[in-house]
Amino acid sequence: MGILEVKGVNKRFGGLQALGDVNLSVAENTVHAIIGPNGAGKSTLLNCLVGKLIPDTGSVMFDGKSVLGRTPYEINQMGISRVFQTPEIFGDLTVFENMVIPAFAKRDGAFRMHAFESVANEKDICIRAEQMLVDLNMQDKMRMHSASLSRGDKRRLEMAMCLLQEPRLLLLDEPTAGMARADTNNTIDLLKEIKEKRDITICIIEHDMHVVFSLADRITVLAQGTPLVEDAPENIRGNPKVREAYLGEAA
Amino acid sequence: MLGLDKKDATILLVVIALALLAPFLLNPFPSNSGLAQFNAGYPDLMQRFVIFGIFAIGFNILFGLTGYLSFGHAAFLGVGSYSAVWMFKLLSMNVLPAILLSIVIAGLFSVLIGYVSLRRSGIYFSILTLAFAQMSFNLAYSVLTPITNGETGLQLTLDDPRVLGQTATASGNIPATNVFGLEMRSTYTMDVGAWSFDFNAGYYLCAIIMILAFYLSLRIFRSPFGLMLRAVKSNQQRLNYTGLNPKPYTLAAFIISGMYAGLAGGLLASMDPLAGAERMQWTASGEVVLMTILGGAGTLIGPVLGAGFIKYFENIFSKINDNVLHQWFSFLPEGMEDTLVFLLHPFVGKGWHLTLGILFMLVVTFLPGGLVEGGQRLSRLFRRRSRDTDTTPDPEHHPKESPHVAE
Ligand SMILES: Nc1ncnc2c1ncn2[C@@H]1O[C@H](COP(=O)(O)OP(=O)(O)O)[C@@H](O)[C@H]1O
Ligand SMILES: [Mg+2]
């Protein structure tokens with residue numbers, strides 16, 4: 001039994017079958033990649049896992065509990081964090097403030113009326129936020145407005161915000177899209193390090209095959225909303241079905 | 001100091017100094033000089049400065065931090081006033097229980113209105129609050145006449161019970177509002193040469209409460225709660241996916257700002273014990289929006305500045321009539337004098353709205369951060385000037401620091 005179990009999920013948008021009978025099992029403490037051509041339904045699948053969309057049929061279980069019908073913040077509090085395809089950060093706030101918010105969410109839950117403490121006096125929270133920024137080599141940008149970060153840095157910030165919560169399942173939607181080669185390699189190293197250091201399960205959607213093959217333990221290939229194959233990376237490379245549906249097209 | 005860092009403590013001290021010294025600061029001109037009409041240091045007006053300051057400080061907690069623009073906050077102001085007057089009628093003329101009830105009742109109202117209105121955001125939220133406020137206004141004006149005394153407004157009478165106080169004074173008058181015997185209307189006038197300064201008990205009560213209200217808002221701005229409110233404004237999607245529920249945060253901000261409005265309404269009634277439905281009208285709700293934006297939404301001190309600015313215009317600028325203009329320009333040749341007065345006429349006296357409107361447009365266009373941004377730009381200009389005169393220019397590159405919410 002995996003930490004994430006998706007069974008028989010269907011999702012239609014009007015006449016379009018975005019997801020058709022998706023079954024997916026992600027084992028704990030592994031990196032599971034989902035690949036597939038544009039429009040295959042990868043982001044839609046992710047949205048069904050985090051409460052953004054509700055599947056028409058099927059079930060999604062995380063750690064033995066259903067996530068369906070729960071709100072995004074409840075699902076996050078269960079231990080699922082998500083990085084978006086286009087970075088979602090608090091653009092009006094500083095990088096440091098961006099980091100502090102998930103730390104509070106982790107410690108205090110979905111709502112707490114702490115109107116009389118001062119953020120600056122929450123030493124444990126501030127130290128955690130700073131430490132994470134140091135780990136990501138972003139400490140010099142701490143006081144910057146996060147809206148003025150480069151696109152790559154915004155992604156890293158968003159990832160840092162998610163990691164700070166020490167989620168049990170981290171969902172990444174094309175985390176290296178639009179990144180320069182060097183930044184992509186940094187991200188790979190970072191994810192490898194996280195994977196080794198922590199008990200974390202990562203589910204990653206990725207276009208860049210270099211990233212996928214350097215990180216993934218398992219790969220699911222999605223095409224037109226349906227999983228084509230699920231296998232170890234070395235078997236995916238040679239699979240003729242995959243070549244036809246995806247790699248062939250990309251090449 | 002008081003859980004504030006150095007910069008915030010300075011801001012608080014400035015506000016305290018301004019509030020306590022207002023009777024001097026607002027009366028800079030000798031009382032018999034031609035400029036005396038620009039003096040704003042009389043009790044009535046000073047009370048309104050700080051009371052509307054409180055109203056705007058509270059409004060800013062909702063609008064400035066979360067970005068939710070309420071067009072119905074005057075409803076809470078009115079509810080506060082009615083509650084206070086009822087307290088004066090039934091309990092006693094002591095203002096403290098009256099103010100407390102104002103805050104509580106306004107708080108209850110804002111739970112209800114906030115809960116419903118916050119189901120939507122953006123323009124729909126604004127319209128919902130506006131609709132609620134208009135409903136309240138109409139209820140107060142007609143349907144709820146037994147409670148609000150309709151269009152006449154709620155007033156004290158000589159046969160109110162006042163169970164803990166007296167129904168009428170020995171001389172047969174309605175007793176005055178007071179704090180444990182200190183009457184709100186009692187004023188000490190100090191004459192210094194040609195100047196005259198009024199120290200009014202009511203003003204100082206309002207000023208102290210305003211300082212407390214400001215301190216509270218300062219703490220909220222710096223708290224994790226305040227940070228969450230700013231996060232609501234910045235990106236609700238991210239907030240949701242970070243495991244935080246934006247709803248209770250926004251509702252809490254709404255209730256707090258409603259209670260501030262109730263407090264302001266209670267104070268208005270404490271200074272002048274009557275309450276009318278017009279206090280709830282949409283123009284009154286619009287006024288606090290203007291105050292906050294003019295001063296600088298989301299800044300600490302902006303709302304107070306904006307409130308002072310608008311109240312000054314309303315009360316002082318509106319008194320400049322054609323006679324005054326003629327007086328000013330009497331040194332000019334007849335023809336020029338008349339032309340000038342003719343040209344200025346639409347902008348002064350009853351035309352003060354026009355001038356305020358133009359100023360508002362200028363500020364919003366050129367200083368989106370309001371008067372506070374204007375102040376910051378000026379001080380930066382001066383600092384740069386003084387740095388330019390330094391013989392050793394700083395060779396280091398200064399990265400642009402992100403603006404601080406306060407200042
Ligand atoms: N909210 C939506 N409403 C309608 N159609 C959608 C919506 N989201 C995605 N789709 C459609 O569903 C299909 C799958 O989209 P998506 O999951 O974003 O693909 P991928 O992430 O694999 O590129 C696409 O054809 C897309 O246009
Ligand atoms: Mg996608």
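This is a predicted model: local features need pLDDT of at least 70, side-chain atom pairs count only at pLDDT 80 or more; totals for chains, interfaces and linings use all residues.
Residues are numbered from 1 along each chain as its sequence is written, chains are lettered from A and ligands numbered from 1 in the order in which they are written, and side-chain values use heavy atoms, with hydrogens and water left out.

## Domains of chain A

Domain bounds come from an automatic or database domain assignment. For chain A, this assignment gives domain 1 (1-79 + 169-251) and domain 2 (92-166). The two domains meet through 16 residues from domain 1 of chain A and 14 residues from domain 2 of chain A, where contact means heavy atoms within 4.5 Å. Taken over C-alpha atoms, the centres of domain 1 of chain A and domain 2 of chain A are 26 Å apart.

Between them, domain 1 of chain A and domain 2 of chain A bury about 1200 Å², with 63% of this on carbon and sulfur atoms. Buried area is the accessible area (1.4 Å probe) that two parts lose on being put together, summed over both. On the side of domain 1 of chain A, the residues A:Gln77, A:Leu190 and A:Arg198 supply 36% of the area buried against domain 2 of chain A, more than any other three residues.

Zero salt bridges are found between domain 1 of chain A and domain 2 of chain A; a salt bridge is a side-chain nitrogen of Lys or Arg within 4 Å of a carboxyl oxygen of Asp or Glu. Five residue pairs, both at pLDDT 80 or more, are in polar contact between domain 1 of chain A and domain 2 of chain A. A polar contact is a pair of N or O atoms within 3.5 Å; within protein, one must be able to donate a hydrogen and the other to accept it, and residues adjacent in sequence count only if both atoms are side-chain atoms.

In chain A, α2 (72-78), β7 (169-173) and α6 (181-197) each supply at least two residues of the side of domain 1 that touches domain 2. Helices (H or I, at least four residues) and strands (E, at least two) are DSSP runs, numbered from the N terminus. The largest share of this side of domain 1 of chain A, four residues, comes from α6(A). By class, the residues of this side of domain 1 of chain A are ten nonpolar, three polar and three charged. Ala, Val, Leu, Ile, Met, Phe, Trp, Tyr, Cys and Pro count as nonpolar, Asp, Glu, Lys and Arg as charged, and the others, Gly among them, as polar.

## Ligand 1

The residues around ligand 1 (those with a heavy atom within 4 Å of it) include A:Phe13, A:Leu16, A:Asn38, A:Lys42 and A:Ser43.

| Residue | Atom of the residue | Distance to an oxygen atom of ligand 1 |
|---|---|---|
| A:Gly39 | backbone N or O atom | 2.8 Å |
| A:Ser43 | polar side-chain atom | 2.9 Å |
| A:Thr44 | polar side-chain atom | 2.5 Å |

## Domains of chain B

The assignment for chain B gives domain 1 (6-28 + 39-166 + 175-301) and domain 2 (320-388). Their C-alpha centres lie 29 Å apart, and seven residues of domain 1 of chain B are in contact with seven residues of domain 2 of chain B. These domains of chain B bury about 620 Å² between them, 81% of it on carbon and sulfur atoms. Zero salt bridges and three residue pairs in polar contact (both at pLDDT 80 or more) are found across this interface of chain B.

## Interface of chain B and chain A

In the contact between the chains, 29 residues of chain B meet 41 residues of chain A. Chain B and chain A bury about 3000 Å² between them, 62% of it on carbon and sulfur atoms. Within chain B, B:Pro224, B:Arg238 and B:Tyr241 lose the most area to chain A, together 24% of what that side buries.

There are two salt bridges between chain B and chain A. A salt bridge joins the side chains of A:Glu97 and B:Arg230 (3.2 Å, N to O). Across the interface of chain B and chain A, 20 residue pairs (both at pLDDT 80 or more) are in polar contact. The largest share of the side of chain B that touches chain A, eight residues, comes from α8(B).
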